[in-house]
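Please look through the sequence and the model below before reading on. The paragraphs that follow take up a pair of helices and then a pocket.

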Amino acid sequence: MKAVVFDMDGVLFDTEIVCMKAWMAVAEKNGMADMEKVFPQCIGLNSNDSRQIVMKAYGEDFDYPRFRQEASDWFQAYMRENGLPVKPGAPEILQWLRSAGYAVGLASSTRSSSVFGHLEQSGFREYFKTVITGDMVEHSKPRPDIYLMACRELGVEPEEAYAIEDSPNGIRSAHAAGMRPVMVPDMIAPDEEMRRLSFLVRKDLFEVMDYLREETG
C-alpha cells in the first residue's frame, strides 16, 4: 500500500457535530421541521448534492443559498469563539505517515475555502500532497469521483490506497473507487452495510495508526 487519503470533517476535525448544531439552530429559527432527519442524509455530500436533499424536504421554493449562508455564519461564529476541534490522533498519524513514506491526500466534500482554512489553522496543510474539495467535482460522495481524482493526483492506483472515513457516504465512495475504506465512526455508527464495505473499522486514528504500523512492519 502506497497512499492514505483522508476525509476531513468528522475524521481530522470534530466539525461534523458543529455543522449539525448550525443547521439545527437555523432550522429552528426559521420554523423548519424535521432537520434532525434531513441533516444526516447530507453528511459527506457536497453542496450540490446536499441541495437536492434539502429541496426535496422543504420544497422547490426553499431559499437554499440563504439557509446555507445562515448556517455558515453560525458555524464560523462558533469556531471563532471555541476554536477548531482537532480529532484525537490526527497530528500523530499525519506525522507518522510522512515518516513512513506514504503519499497522503485529502478528499473532502466541503468547499475549498473551508478546507484550506481548516488546514492552515491546524497546521496540517504541509502533510498533504494533494487536496481535493467538494467544489472540484460535480457530484461528490457517495460517488467515487472525488477519491478517483485524489488517487490520480497522488499517482497511485485506487487499490494501492486506504481511505479514512467517518460517514456511510464516504465509505460508499471509497469502496466504489476501488480503495480500501477504513471507517472511524463519528456521528453515525457502522451498520451491517458499513462493515461489509469497509476494509477496516477502528474507533479512532490512534488505532488506525497502530494497524498501519503493524502492516508496514
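A crossing of two helices is called left-handed if the near helix is turned anticlockwise from the far one by less than a right angle, and right-handed if the turn is clockwise. In this predicted model, the crossing of α1 and α4 is right-handed. Two packed helices are described by the angle between their axes and by the distance between those axes. For helix α1, which covers residues 16-29, and helix α4, which covers residues 64-82, the axes come within 9 Å and cross at roughly 130°. The two helices are therefore oblique to each other, since an angle counts as roughly antiparallel when it is over 145 degrees and as roughly perpendicular when it is from 65 to 115.

Which residues make the contact between these helices? On the side of α1 they include Val18, Cys19, Ala22, Trp23 and Val26, while α4 contributes, among others, Phe67, Arg68, Ala71, Trp74 and Phe75. Sorted by class, the contact of α1 with α4 has 13 nonpolar and 4 charged residues, and no polar ones.

Now turn to the largest pocket, in which about 700 Å³ of space lies. Its lining is made up of 34 residues, and the closest to its centre are Cys19, Leu45, Arg68, Thr110 and Arg111. The elements that give two or more residues to this lining are α1, α2 (35-42), α3 (47-58), α4 and α6 (112-122), and α4 gives the most, with 7 residues. By class, the lining of the largest pocket divides into 16 polar, 10 nonpolar and 8 charged residues.

Methods: Residues are numbered from 1 along each chain as its sequence is written. This is a predicted model: local features need pLDDT of at least 70, side-chain atom pairs count only at pLDDT 80 or more; totals for chains, interfaces and linings use all residues. Side-chain values use heavy atoms; hydrogens and water are left out. Axes are lines fitted to C-alpha atoms, for helices over the stretch in contact, and angles run from 0 to 180 degrees between N-to-C directions. Helices (H or I, at least four residues) and strands (E, at least two) are DSSP runs, numbered from the N terminus. Angles under 35 degrees count as roughly parallel, over 145 as roughly antiparallel, 65 to 115 as roughly perpendicular and the rest as oblique. Contact means heavy atoms within 4.5 Å. Ala, Val, Leu, Ile, Met, Phe, Trp, Tyr, Cys and Pro count as nonpolar, Asp, Glu, Lys and Arg as charged, and the others, Gly among them, as polar. On a 1 Å grid over the protein atoms alone, a cavity is a set of points where a 1.4 Å probe fits but cannot get out, and a pocket is an open set with protein on both sides within 12 Å along at least five of seven lines; lining residues have an atom within 4 Å of a point. Grid points are joined across faces, edges and corners, and a volume is the space filled by probe spheres set on the points.
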